[in-house]
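User: Hi! Could you walk me through how some of the helices pack here, and then the pockets?

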Amino acid sequence: MIVEPNLENSIYSLSVEVKNAVQGRTTKRIEKDRVLFILIDGLGYSLAERIGIKAEKIHSVFPTITVTVLTTIFTATPPGVHGIMGWRIFDRENGRIMNLLEDHVEMPKINSYLGEKDVIIAPALRPSMRLLKSIGSRVIPYYSPWDAVTQTYEIAKRDKPSFIFLYLPFVDAVSHRFGPNSPHTERVAREVYSLAEKLAKDLLNEYSIIITSDHGHIEVEGVVNIGKDVLEYSLLPPFGDHRNLMFISKRDMRDYLSKYGLLALDREKLVKLTGGENVPDYAGVPKDNKLYMYWDDEEKYHKGSHGGMSKEEIEIPLIIFQ
C-alpha cells in the first residue's frame, strides 16, 4: 500500500519544532528549551506497535532513507529543499552521480541550525558518522549501546547543552540482515527501546525527550534488475536507492517505469511530495516489496529494506517524555 508522506505531521514538521524549541520559541509539542532527540533507526510504527510500544503515528519523508532523514532533522528543511535524496545523489555542478557511502566522496555541506555546544552522539564505525561530522557540531563516538546511553546521560547532567542527538542504528542493522518480521529484530527493538526509555525517564526533569525513527522496513520479496536500456530515456544512470530510483530524463519515462510495475512520479509530483524544487525529473517507486537494482551491490542479499512509500516504510512512531 502506497502512502504519500504528510509533511505537516512528519519528521520534517517535528524538526521545525525542535529548532524552534532550542531557539527559545513556543512549539505545539515541545515544552522545554532543552531537547534530547533519540533516533532509533529502522523502528517503523508497525514494528513498534507489534512489540507493545504506545506511540503517536507520524510520517517519515520521501525518500525513506537515513541520510535524507538526518539531513531533514539537522536543517529543519524538507528533502525537496536540502536535496539529499538518498545515498546516491546527483551532483548538478559537475554533472555526475556521487555515492556518499564511498570514503573518497566528500560529504556535501549541510547548513544546520545546531550551535557550537550542541552534541551529536553516534556510533564510531557507521557510514552516517561521516555525514554527522560534516554538520560541524560536537560529534562524540560510542562503541556499544550502553556506552551510548551512559555518555548521553553524563553529557546532559554535566554540560547541559540545549540539544543532544543520540543515534541508535541497531534495529536497522538487524532488520536488513534478518527482515523486519524476524524474532531477532523484535528482540533488538525491545532492548534498544528499553534503553532509550530508561534514559528518557532519567532526564525528563531537565529535557524534553523525543524518541522516534527515520523509517520502517519492508520484508524483501525479490530483486528486479533494471536494464541498460534505461539510458535511452535517462541522461544518467539512476541515483537514489533501490526503492526510490531517480532520473534526469531525456524524455517522458512514465511508460518505461510502468513496464517494471513502478509508480512513476514526475517532477511536479515530486515537488509536492518532498516540499521543494530540488528534485529530479522522475522517480520510480515500487508498489511491491521488491528491490529494483541498476547497480550490483550487497543490498541484493538484504531481507529487509526501505526507501519507498509503503505504509511500513513511511509510518514511524513518536514518543515524547517531558
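Predicted model: local features only at pLDDT ≥ 70, side-chain atom pairs only at ≥ 80, totals over all residues.

User: Great. How do the axes of α1 and α3 cross, and how close do they come?

Analyst: Helix α1 covers residues 11–22 and helix α3 covers residues 66–75. Their axes come within 7 Å and cross at roughly 30°. Angles under 35 degrees count as roughly parallel, so α1 and α3 are roughly parallel to each other.

User: And which residues make the contact?

Analyst: On α1 they are I11, Y12 and S15, and on α3 they are V69, T72 and I73. By class, the contact of α1 with α3 has four nonpolar and two polar residues, with no charged ones.

User: What is the handedness of the crossing, left or right?

Analyst: Right-handed, as α1 passes α3.

User: Okay, on to α7 and α8. At what angle do their axes cross?

Analyst: At roughly 180°, with the axes coming within 9 Å. Helix α7 runs over residues 170–178 and helix α8 over residues 183–203. The crossing angle therefore makes α7 roughly antiparallel to α8.

User: Who touches whom there?

Analyst: From α7 the contact uses F170, V171, V174, S175 and F178. From α8 come H184, T185, V188, A189 and V192. This contact of α7 with α8 counts seven nonpolar and three polar residues, and no charged ones.

User: Nice. Switching to pockets: how much space lies in the largest pocket?

Analyst: About 750 Å³. It is lined by 25 residues, and the closest to its centre are L101, H176, E298, E299 and H302.

User: Which element gives the most to that lining?

Analyst: α7, with four residues in the lining of the largest pocket.

User: How do the lining residues of the largest pocket split by class?

Analyst: There are ten charged, eight polar and seven nonpolar residues.

User: What volume does the second largest pocket have?

Analyst: About 390 Å³. Of its 22 lining residues, V81, H82, G83, I84 and N278 are the closest to the centre.

User: Which elements give two or more residues to that lining?

Analyst: Those are α3, α4 (79–82) and β3 (88–91). β3 provides the largest share, four residues.

User: And the classes in the second largest pocket's lining?

Analyst: Eleven nonpolar, seven polar and four charged residues.

Terms used
Residues numbered from 1 in each chain as written. Heavy atoms only, no water. Axes fitted to C-alpha atoms, helices over the stretch in contact; angles between N-to-C directions. Parallel < 35°, antiparallel > 145°, perpendicular 65-115°, else oblique. Left-handed = near helix turned anticlockwise from the far one by under 90°. Contact = heavy atoms within 4.5 Å. Nonpolar A, V, L, I, M, F, W, Y, C, P; charged D, E, K, R; others polar. 1 Å grid on protein atoms, 1.4 Å probe; cavity = no way out; pocket = protein on both sides within 12 Å on 5 of 7 lines; lining within 4 Å. Points joined across faces, edges and corners; volume = space filled by probe spheres on them.
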